[in-house]
Structures are given as C-alpha cells and as structure tokens.
Amino acid sequence: LDVSVDMWNHFYTCLVSLWLHRFYVYSVVAFGISTWIVVQFFTTKTKTKVSEVLLHELGEDKLVNGYATLQAKEVCVAGVKIFYGSQTGTAKRFAKDLAEAVISLNLPVEVISMGDYDPDDCLAEETTSRNICVFLVATYTDGQPTESAAWFCKWLEEAVNDFRFGKTYLKGLRYAVFGLGNSAYVDHYNTVGRNIDRWLWLLSASRIMTRAEGDCNVAQSKHGSIEADFEAWKAKFLSRLQVLCRGEKKPCSGKCKKGKCKSLGKQSKESSDHEHGASEYENTEAEELFESSSEEEAGAEEAGGTNSVIDVEDLGNIMSNMKKAKVLLWTRENAGRKEEGEKREMITPALREALTKQGYKLIGSHSGVKLCRWTKSMLRGRGGCYKHTFYGIESHRCMEATPSLACANKCVFCWRHHTNPVGTEWRWKMDQPEMILQEAIENHQNMIKQFKGVSGVKADRFEEAMTAKHCALSLVGEPIMYPEINRFVKLLHQHSISSFLVTNAQFPDEIRNLEPVTQLYVSVDASTKESLKRIDRPLFKDFWRRFLDSLKALSEKQQRTVYRLTLVKAWNVDDLKAYADLISLGKPDFIEVKGVTYCGESSASNLTMANVPWHEEVVRFVQELADLIPDYEIACEHEHSNCLLIAHKKFKIDGEWCTWIDYDHFQELVREHERSGGSKTFTAADYVARTPRWALFGSRERGFDPLDVRYQRKNKARDISGC
C-alpha cells in the first residue's frame, strides 16, 4: 500500500510540475511544429521545381511518381514526306530542292508524286508515324488539280464528306502546304492548295505552320517570282522543323508577365489542344509574306475547340477579330507595296536563266530576240519558211523578236513550254522602244556572225543577213501588250524593216489603236467558246467577248490582215461552219492553216504525235473550209511547214495570185502616212506583188523555192523554233 501511495505522490508531483511549467512545454511543442512545417514547405517546393524541369526536358510520360526513368530520348520527328502534284514540273523541282534542304538537317526524307500514292491505303499511317507531311501542289486549268494529283484530291474531298471516316480520321498527322498558282486567274488562284489545306484540317490533321502560296504572276508575287516565294517559305519551314525536332510544340508568345512563361504543365496542355487548330504556329512574319490559313478556322478554335458549338454571343467577337486580322494583313501588304516604290521587272532571275538556256537573247526587262531555224536554213540555201512562200520575205533577213514576253493565254500547243510570264495587263517596268530595237538588232547580228565560215553558208546571203529587212513579232508572248508598241513599229519602219505582228485576239482596243503594220495576224485557235477555253486557256474571264471583239477590230484595219489557224487533231478540227462564221466576222485578207508542231514531251500539255495532222489531212480541212467561204480560194502551199494559205479573191488579179508583198513600196506608203500625220491612208491592195508559180497550191514544188536545195535530216532532233 505504501508503495502505491508513493507512486501516486510522485506522479502527482510530476503533473503539478508540468502544470506549473506549462508555458515552457507549449513553447517547445510550438517550436517543433513550426520547424517541421518549414522543413516540409521547402522540401516540397524544391521537389516541385525539379519535377517541372524534368517534365519540360523529358516529357510527362517519362516521369514515374515524380522521378525520371532511364528511357531512350523520344523521337519528335521521324522524317519528312514531301508530296507534290505538278503539271509543268515546277512543284517537282521544288520538292527535290526542299528534300535536299531537309537532308542537310540529318532527317530522312521521301519525295512522292501524288499520282504514285494511294491515300486510301497509306495516308492514315501518317497519324502515328511521327513524320511531317509536306504538300506542294499546283492549281491547273479552271482551278482543277494537276493530272497527277487529281485522285489524291478526289479521295480527300470524299473522305471529308463521308461519315464512315469520321472527323478525327487524320488526327495526329502533321502537315504543311505550299500552293503554286497564278493570281492572274483570279477566280481559281491557288484553289487546290487551299482545298487540300482545308480538307486535311477538317479531318483533324494538324498544321505545323500556316499555308503559303507561290504566285507565277511576277507583278503580284510577294517576292517577285514563284521561286522567291518558295525560298522564303522554305526558310520558315526549315526553322519550324528544327523547333519540332527539339520537341518544342509552341514557342513563348512573349506575353508572359516579367518575361516568364506560364506554368509549363499548363503550356503543354495548351499546346496540345492548340496543335489541332489553324494557328498552332502563328508566325507573324510569315503572315506578312503569305496568305495564311483561313481565319474562320482559327476563330473556331478560340471559341472552344474543333467540335464545340459557338455561342451566338461569341460570334460577334469572333467576326470582329477576323475583320481586324484581315485589315491588319491588308495594311501590311499595301505598306510593303508602297515601300517597293517602283514596278518590278518582268524577267526574274529564274526566268532569265530558263529562257537563256532555250537560246533567247534577252533585252532589258521584258523583251527578247532569237534566231529562227528558217533563218539558219536559208543562210545555207536549204529553203525558207512559209512566209517566204506566201509573202516573199527573205527568211535569212528576218529577225524574230518580241517587246513583251508576257502573254494572256497558256495555249496547250505553245512550243515555248510556258516558260514566259502571263498577265492581263502591263504591270511591269517598261523599257524604251529605241533601246529594245537597238539591242534586238545588235543581238540578231551577233547571232548571224556565228555562221561566218560555217560549211554550207552562202557568202552573199550571209552579207545580206547582217541587215535585217523583216521582223516577225511572234517570238513569244503578246507583243501588243507593250504600251509603246506603236512607237516600236514606227521605229522598225524607220529602219526599213517590215512588221509582221501576231496577237492572240484578247486585246481589241489595242488592235483598233494599232498603227499600220505590214501584216497583222490574229490567232484563231478554235471556233467555239468551249474549245477556245480548252485550247488557249485564257486568263480573261470575258475571253470570248474579247475574242469576237478583236475579230471585229481586225475587219476595220485597212492594211493586210491574217487569220492564223493551228490545227490540233481531236481538239479543234471540227465545226467548220463555226470557222466560216468567224471568217465572215473578221473579214481577213488571208487565212493561214497550219498543222500543230509537236514540240516533244512537255509537262505543260498532254499533246502527243497523235495530235499532229498529216499534211493530207490539213489539205482536206482547208478544201472543206474553202467550200464554205465563197469569197476565198486556196492560193499557196508550203508542204515543208505543213501549212496552206487561203486568200481573198481580191488578191487574184487578172487571173494571177498576188499574195506577195512589195516591201519597198510599203515603206514608201508608210512614210507618206507618217508625214501626213495619218491623213493619207493606204490599203492592202496598194503594196501587193505577184506570187511565183512554185509557191502556188498544186504546183510540183509544193511551195519549196527551186533556187534552194531541200535538206532531209537524218536521226537528228528537230529544231522546233520558228514562226
């Protein structure tokens, strides 16, 4: 019992002591708790920072319970696949150029023609391949894709509208689009590139950068040529590709407070969500340079994601933002145009290189001259061109030139393979006609000099050739587009050079305002609106009205006028009655009918040798056409050129054809016309000359000058140049 009492007393004493000293006990406990809280706070903060750094550097999937796992470095970009759809070969060339640049980044690359690719079997694989898909696509006639890209585009469009594919069919596919087009075709400019970009986006594919559009129209191109447009876009693409290779999804916008980014976890989530949208990589500079992806898509993303419904209350804000963005872009573009100050040159460095390789001697910024193969032929006594047979020109003294390389058509049979620029009006720098003519003559003479001492060249003709007597303004392009064409023609006549001017019947006012020329041609490549659109592929939307108006303008000219028909089998050899109606409209003095010349394989058109008519077929066509136009008869033939001449009967004087030209008398008449200030006029009948018998249709020579010797080429490539 005493022991129990003692224990209780001891325990009681301890309790009383603790109670009396409770303040000290509370202080110790409080200090301990505070210390623990402080330690826990700093430990957690440090751990969070480390985790965030690891998350940023390694990625969320490589962290387990906050610790980094020892895994191989993630591959963000496995490679690049470049798809191209090309008609003239430009997109293909760009694809190869881009591939070389990607290879320099040590990335695997594959260049694929859309015509050789089955999207139904393969495209979905790109959603998980970690490849970047690049689409370089050209827009062809009427906004249609090129032949090689037709099936790819058709499949993609159907997939968008087929519920069985679903709206997320291509989710995970990363892509970029560069379109190739010509802004002169206003209604169809870069339609294919825009469609592919939109269709991929609608199937939930992700743009890595905004769409870019290259422009063949050098007057409107952002950088002066489509090649320069591509180079600017390529630099942006390669920069973006390097960012993706480093695993960065979206760069800092620069709007964070105190220069610090928002939480990386939030940013990662935002990047992931935003990656699907149109403006995943909003490169301000790129938007200044190119027409960017549709603002509607970006607006939809900001309103709440791809599949969300936009509230009516939000619609006003979205449309307001879109309008502001468009106004800003328009303002920047116009500011850039004003800074440029003067107009651009028509001949870009890439175009200069291409035309120089084809033998053109370029003059200034928009003109050129080239030696015709018939000039070379007649120098050697091997015969002249059909103009020698029909009109008596001396082919070795003929200079083929143009003051305008630009054209308003892209004819399927153009033997220049569409290397020249196109346009509907003059928007380039302009050279003076005096300079153009002087350099044209000098370049022509220099090309003639190269034949001095060449075997077979006749000495007398070589000396004569050094002084040009005729100028065929039919080299390439549309000469009548040149604003100073009248001054240029007058300068030709002042140098005693006759003028043969060819126009494509798209500039009726210019035809009416044209000063007298020796002979004015209008190309009549088809007899109906549909066939003309298919063959000439004109830039003007009102091309048919312009065509008919040009023929009416031709009927008002007093000097010699010619219809030039180029026959292409299976394209424009039908409907002779329509041709007869066009002849009655324009009332030309002559009608040249020529079989198309096959220029070899060209990506610019799909013509083959099957489209080239035999000479007998051309003769039959001409005979049938002549039966429908009673005021005309077949006058001459040049079998060597597969060409015949139908002439108005007024040139059959006293039973003899007078289709040749008295060139000396023409120069006298035109000088009198200029001295009188235009009051003293003259007509085609005033400078005719008798046609020799060997040039007439049905002659034994069939249009070949008996003074020359016909040369048959053997196993040699044909020279397709010539008027």
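Predicted model: local features only at pLDDT ≥ 70, side-chain atom pairs only at ≥ 80, totals over all residues.
Trainee: Which residues have the most contacts inside the largest nonpolar core?
Mentor: In soluble globular proteins, nonpolar side chains tend to be buried together. The largest nonpolar core of this model holds 90 residues. Those with the most contacts inside that core are V524, L565, I591, V593 and L625.

Trainee: Which residues is V524 in contact with, leaving aside its neighbours within four places in sequence?
Mentor: V524 is among the residues with the most contacts inside the largest nonpolar core. Leaving aside neighbours within four places in sequence, its contacts are F547, L551, Y563, R564, L565, T566, Y579 and L582.

Trainee: How many residues has the other core, which includes C372 and Y386?
Mentor: This core lies apart from the largest one, and Y521 and A635 are also among its members. Its number of residues is 30.

Trainee: Is C385 buried or exposed?
Mentor: The cut-off for a buried residue is under 20% relative accessible area. C385 has a value of 3%, so C385 is buried.

Trainee: Which residues of helix α6 are buried?
Mentor: Helix α6 covers residues 191-202 and reaches 16 Å from its first C-alpha to its last, close to the expected 16 Å. Just after α6, S204 takes a positive phi of about 75°. The buried residues in α6 are V192, G193, I196, D197, W199, L200 and W201.

Technical notes
Residues numbered from 1 in each chain as written. Heavy atoms only, no water. Core = buried A, V, L, I, M, F, W, Y, C linked by side-chain atoms within 4.5 Å. Buried < 20%, exposed > 50% of the residue type's maximum accessible area, 1.4 Å probe, protein only. Contact = heavy atoms within 4.5 Å. Helix = DSSP H or I, 4+ residues; strand = E, 2+ residues; numbered from the N terminus. Expected span 1.5 Å × (residues − 1).
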